Structures are given as structure tokens and as C-alpha cells.
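Please read the numbered points alongside the sequence and the model.

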Amino acid sequence: MPLLVFSLMLVVFGLTTGEFVIAGILPDVSHELSVSVPAAGLLVSAYALGMIIGGPVITTLTARLPRRPLIAGLIATSIAGNAASALAPSYPILLAARFVAGLVVATFFAVAISIAVSTAPAGRQASTVARLTLGMNLGIVAGTPLGTFIGHHLGWRATFAAVAAFSAAALALVVRSVPDQPAPTVRSLAGELRVFTGRDVVLAIALTAAGNLGVVTVFSFLAPLATDVSGFSDEAVPVLLLVYGTGAVIGNVLGGWLADKALMPSLAGLLTALAGVLAVGRPASGHQISAVVLWFVLGVLAFAIIPGMQTRVLATAQAAPTLAIAVNASGFQLAAAFAGWLGGRLIDGPGPRSIYPVAAALTVAGLLIALYSLRRDRRPAATPAPERPAAHR
């Protein structure tokens with residue numbers, strides 16, 4: 001793996017750990033700050049809201065900046081947000097810190113993916129995205145369980161401090177390995193935004209939001225689902241995160257390979273499988289062995305859809321790919337923000353078991369978008385009308 005991709009992957013690892021580790025330390029944060037678990041779940045929403053707002057705004061404002069200082073500044077801002085999370089004296093300040101930590105992440109992903117894909121051989125774009133997002137998988141398979149372990153033994157503040165420290169080390173490698181490229185030539189703001197007038201681009205972004213909403217809702221409340229529904233102890237939560245993350249690594253590779261072979265058909269098939277697995281989640285989660293299998297399969301499917309979704313956006317938004325990818329990341333986080341709110345309402349209402357069937361129904365919505373997009377792709381291109389012969393005078 002080239003040093004450039006490796007360094008960017010390390011940053012993705014740190015960012016992913018900082019985002020998803022809250023799922024493992026949610027009860028700890030809830031207890032120390034004297035807020036309910038649903039209220040603590042809004043920390044997921046705050047981070048996601050930062051990405052939602054920051055994706056289009058930060059990407060547009062920084063479009064003309066050289067790549068190396070831009071990426072360095074984005075990482076530094078995320079480090080500051082995680083450090084502030086570790087030091088937050090109250091729940092409102094922690095909410096604000098999580099918002100800041102997420103504010104620059106969508107732009108970083110957009111720039112990193114654009115650079116990586118620009119170096120990819122023809123027909124290997126999805127696999128290249130998968131290599132970069134391996135850092136996301138490792139953040140779940142290793143970073144999130146490790147962060148949860150640290151949180152349970154040293155306190156949740158130590159978790160965010162560790163994330164900040166690792167990201168600072170990765171920043172040094174990025175500054176060394178990312179070439180000092182000038183900013184790409186960009187059109188006017190109106191010209192960049194015009195890419196979103198294309199129906200296929202809008203459908204691709206909607207597919208990301210809807211297709212991920214269900215499984216993100218389940219993952220955001222992994223800790224209470226594991227302890228209150230499946231009967232695991234708090235100490236078993238990092239192990240379940242490891243199981244989920246192992247599935248995610250496999251799914252990432254599988255999804256990249258499938259997307260290179262048949263992009264939209266593979267996405268439709270994977271979303272069908274994901275909806276089916278979520279549908280059996282309620283009975284399966286009642287037994288610990290089947291719950292472990294459930295979390296592994298969910299990890300595989302949840303990350304198998306990601307390379308294809310990113311590649312779909314790139315394929316439909318060639319006029320402004322960086323901005324489109326950033327908005328796509330915001331679409332994913334829009335799903336995450338809603339997931340934090342929705343999961344809390346379900347726990348307070350019908351109970352945590354109800355999360356699984358609701359998540360399955362939400363995934364079906366993403367599947368319908370994928371099927372509609374596939375149908376549009378298969379429509380024959382319009383044939384221009386034959387020219388009429390010129391009339392003889």
C-alpha cells in the first residue's frame with residue numbers, strides 16, 4: 001500500500017474511533033454526567049450534525065486551498081474537538097465538543113477519497129476506496145473496542161484523550177507524505193452546486209442516507225442492546241465490537257470487489273440481505289450465541305455497502321466530485337443524527353428490542369432507491385431522431 005494511502009488510512013482510523021467509540025462508553029458517559037442513555041445518545045447526533053453542516057460548508061470554503069495545509073488543518077480541528085471532549089466539565093460542553101470534532105470530517109473524507117481515486121487504475125475505483133476505508137474498519141475492529149476498554153478502566157475521558165493523541169501522531173505522518181499539491185481548479189460556487197441538479201446524483205446521496213439509517217441506529221445503541229436485551233455484561237461489549245469490526249473488515253473487501261464487478265446490482269443485493277438480517281434481529285438478539293452471529297453478519301453487510309455507495313457518487317458527480325462526496329458523507333451523518341434520536345425514542349417507548357424491526361423497515365427504503373437507480377441505469381439511451389433529408393428546390 002502506498003505511503004500516501006497508508007497515512008490517510010491512519011487518519012481515517014483515528015476519526016472512526018472517535019466517532020464510533022461512543023457506542024461502547026454510552027452508559028459510562030450517561031452515569032458520570034447524570035443524564036439518561038437517550039440523552040447521551042444525542043452525542044452521536046451532535047457529531048453527526050457537525051459533519052452534516054461541515055460537509056458542504058467547509059468543503060466549499062476551502063475548495064481553493066492547497067491540499068497539504070488543508071488536510072493538516074482539518075485533522076488539527078478534529079484533534080481539538082476530541083481533546084475538548086476529554087476535558088468537558090458538563091453535558092452541554094461535551095455536546096459542543098462532539099459537534100466541533102465532527103465539523104471537518106466530511107471534508108477530510110472527500111479530499112482523501114478524491115486523491116486516492118485519482119491514482120486508481122481504470123475499473124478499480126471501488127477497490128481503492130475500500131483500501132482507504134480499511135482505516136474505518138480497523139477503527140471499529142480495533143480502535144473502538146480498545147477505546148471502550150480504556151473507557152471502562154480509566155474513564156471515558158481517557159478514551160477521547162487517546163483518540164486525540166493518536167490523531168496527532170497520524171497528522172505528523174500525513175504532513176510528511178501528502179504531496180504539496182495546489183488546489184484543483186474549481187468553477188464558481190454556482191457551477192459547483194449545479195451538480196446537484198442531476199437526478200442520479202441526488203439519488204446516490206439519498207441511497208447513502210436511507211441505506212445506512214437502519215444499521216446505524218442499531219450500532220449506535222450496541223451497548224444497551226447487548227446488556228439489556230442479550231444479557232451480556234459491560235465487559236463483553238468490547239468483544240462484541242471486535243466481532244462487529246471483524247465482519248466490517250471482511251465486508252469492506254467484499255463490497256469493493258462486488259462494486260467493481262457490478263455496482264448497482266451488488267448494492268441492491270447487499271441491501272436486501274441487510275434488511276433480512278435486521279428483520280430477524282429481534283428474536284436472534286434474545287440468545288447470546290445467535291446475538292454474536294448477528295453482530296458479525298451486520299458488520300459484514302454494513303460495510304460491504306460503503307465502497308459501492310461512494311463509487312456511485314463519484315460516477316454520477318464527475319463535474320464536482322469532492323463537493324459531492326462531502327455532501328454524501330453529510331448524508332450518511334444525517335442518517336446517524338436521526339439514528340441517535342430515533343433509537344432513544346424507541347428505547348423510551350416500545351423498548352430496545354423494537355430497534356431491530358424498525359431498522360429493517362428503514363433499510364427497505366434504501367433498497368427501493370437502489371432498485372429505482374438500477375432501473376434508470378438499464379433504460380436504453382434515447383436515440384436521436386434521424387435527420388430529414390433536405391428538400392430539393
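In which helix is threonine 217 found?

1. Threonine 217 belongs to helix α11, which covers residues 199-220. The model under review is a predicted one. Threonine 217 counts as buried, because its relative accessibility is 1% and the limit for that term is under 20%. Setting aside neighbours within four places in sequence, the contacts of threonine 217 are Ala339, Leu342, Gly343 and Ile355.

2. Alanine 359 should be read together with threonine 217. The two residues are 142 residues apart along the chain, yet their C-alpha atoms are separated by 6.8 Å. Alanine 359 is part of helix α18, residues 355-378, and is likewise buried, at 1% relative accessibility. Beyond four places in sequence, alanine 359 touches Gly214, Val218 and Leu278.

3. Which residues touch the most other members of the largest nonpolar core? They are Phe108, Val218, Tyr244, Trp295 and Leu298, in a core of 129 residues. Leucine 298 has Val218 and Tyr244 among its own contacts, together with Val215, Leu274, Val277 and Leu278, when neighbours within four places in sequence are left aside.

4. Helix α16 covers residues 288-316, and its axis lies 6 Å from that of α13, at an angle of about 35°. The crossing of α13 past α16 is right-handed. On the α13 side, the contact is formed by Leu240, Val243, Tyr244, Thr246, Gly247, Ala248, Ile250, Gly251, Asn252, Gly255, Gly256 and Ala259. On the α16 side, the residues are Val292, Trp295, Phe296, Leu298, Gly299, Val300, Ala302, Phe303, Ala304, Pro307 and Gly308. By class, the contact of α13 with α16 comprises 15 nonpolar and eight polar residues, with no charged ones.

5. Helix α13 (residues 237-261) also packs against helix α12 (residues 222-229), with the axes 10 Å apart and at an angle of about 120°. The arrangement of α12 relative to α13 is therefore oblique. The crossing of α12 past α13 is right-handed. From α12 come Leu222, Ala223, Ala226 and Thr227, which meet Val237, Leu240 and Leu241 of α13. Six residues in the contact of α12 with α13 are nonpolar, one is polar and none is charged.

6. How do the axes of α4 and α9 lie, and at what angle? Helix α4 (residues 67-87) and helix α9 (residues 156-177) have axes 8 Å apart, at an angle of about 165°. The two helices, α4 and α9, are therefore roughly antiparallel. The crossing of α4 past α9 is left-handed. The α4 residues in the contact are Arg68, Ile71, Ala72, Ile75, Ile79, Asn82, Ala83, Ser85, Ala86 and Leu87. Those of α9 are Trp156, Arg157, Phe160, Ala161, Val163, Ala164, Ser167, Ala168, Leu171, Val174 and Val175. Sorted by class, the contact of α4 with α9 has 16 nonpolar, three polar and two charged residues.

7. Two residues of helix α8 deserve a reading. Glycine 151 is placed in α8, residues 134-154, and is buried at a relative accessible area of 4%. Its contacts beyond four places in sequence are Ile25, Asp28, Trp156 and Thr159. Trp156 is also listed among the α9 residues that contact α4. The C-alpha atoms of glycine 151 and alanine 162, which are 11 residues apart along the chain, are separated by 10.0 Å.

8. Is threonine 144 buried or exposed? Threonine 144 is buried, because its relative accessible area is 0%. Apart from neighbours within four places in sequence, threonine 144 contacts Thr17, Phe20, Val21, Gly139 and Leu241. Leu241 is also one of the α13 residues that meet α12.

9. Serine 34 lies between α2 (22-32) and α3 (37-61). Serine 34 has a positive phi of about 55°, although it is not a glycine. The residue counts as exposed, because its relative accessible area is 66% and the term applies over 50%.

Key
Residues are numbered from 1 along each chain as its sequence is written. This is a predicted model: local features need pLDDT of at least 70, side-chain atom pairs count only at pLDDT 80 or more; totals for chains, interfaces and linings use all residues. Side-chain values use heavy atoms; hydrogens and water are left out. A nonpolar core is a set of buried Ala, Val, Leu, Ile, Met, Phe, Trp, Tyr and Cys residues joined through side-chain atoms within 4.5 Å. Buried means under 20% relative accessible area, exposed over 50%, partly exposed in between (1.4 Å probe, protein chains only). Contact means heavy atoms within 4.5 Å. Axes are lines fitted to C-alpha atoms, for helices over the stretch in contact, and angles run from 0 to 180 degrees between N-to-C directions. Helices (H or I, at least four residues) and strands (E, at least two) are DSSP runs, numbered from the N terminus. Angles under 35 degrees count as roughly parallel, over 145 as roughly antiparallel, 65 to 115 as roughly perpendicular and the rest as oblique. A crossing is left-handed if the near helix is turned anticlockwise from the far one by less than a right angle, and right-handed if clockwise. Ala, Val, Leu, Ile, Met, Phe, Trp, Tyr, Cys and Pro count as nonpolar, Asp, Glu, Lys and Arg as charged, and the others, Gly among them, as polar.
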